[in-house]
Amino acid sequence: MKKENRIKKNEEIAKIVLGKQKVKSDYFFIYYQKNENITRVAVSVSKKIGNSVKRNHAKRIIRELVRPNLNKFNPVNLVVVVKKDLKDVDFFKLTEEMFRCLELINKRLYK
């Protein structure tokens, strides 16, 4: 994912999460906020998920799920919080779930 599509500052992430607009899935929460320019993403994985290798693997999976959909929808800021270990989940199922959540976000923000 390109640098311009990442959210790195804790203040920005906290502002999005405190906005309390979210979509729930079996595997992740997506907090979102309307943006004017481009879609930006931050991924958060709790230490409860496993060791650093498993957490980084979950982040890579989520980034890869979001990356192809960045330009398909209207600009939005996203904070994805992983709920469960994604090790045993089918990638195709995760892709469908992410696309469903992004469509729902798009409908809520841009009616």
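Guide: On a 1 Å grid over the protein atoms alone, a pocket is an open set of points with protein on both sides within 12 Å along at least five of seven lines, whereas a cavity is a set of points where a 1.4 Å probe fits but cannot get out; lining residues have an atom within 4 Å of a point. The model is predicted, so local features need pLDDT of at least 70 and side-chain atom pairs count only at pLDDT 80 or more, while totals for chains, interfaces and linings use all residues. Residues are numbered from 1 along each chain as its sequence is written, and side-chain values use heavy atoms, with hydrogens and water left out.

The largest pocket is lined by Met-1, Arg-6, Ile-7, Lys-8, Ile-13, Val-41, Ala-42, Val-43 and Arg-63. Its space is about 160 Å³, where a volume is the space filled by probe spheres set on the points, and grid points are joined across faces, edges and corners. Strand 3 (residues 40-45) gives the most to this lining, with three residues; helices (H or I, at least four residues) and strands (E, at least two) are DSSP runs, numbered from the N terminus. By class, the pocket lining has six nonpolar, three charged and no polar residues, with Ala, Val, Leu, Ile, Met, Phe, Trp, Tyr, Cys and Pro counted as nonpolar, Asp, Glu, Lys and Arg as charged, and the others, Gly among them, as polar.

The count of cavities of 30 Å³ or more comes to one. The largest cavity holds about 100 Å³ of space. Its lining has 13 residues, of which Phe-73, Asn-74, Val-76, Leu-78 and Leu-102 lie nearest the centre. Strand 4 and helix 3 are the elements that give two or more residues to this lining, and helix 3 gives the most, with four. The cavity lining divides into nine nonpolar, four polar and no charged residues.
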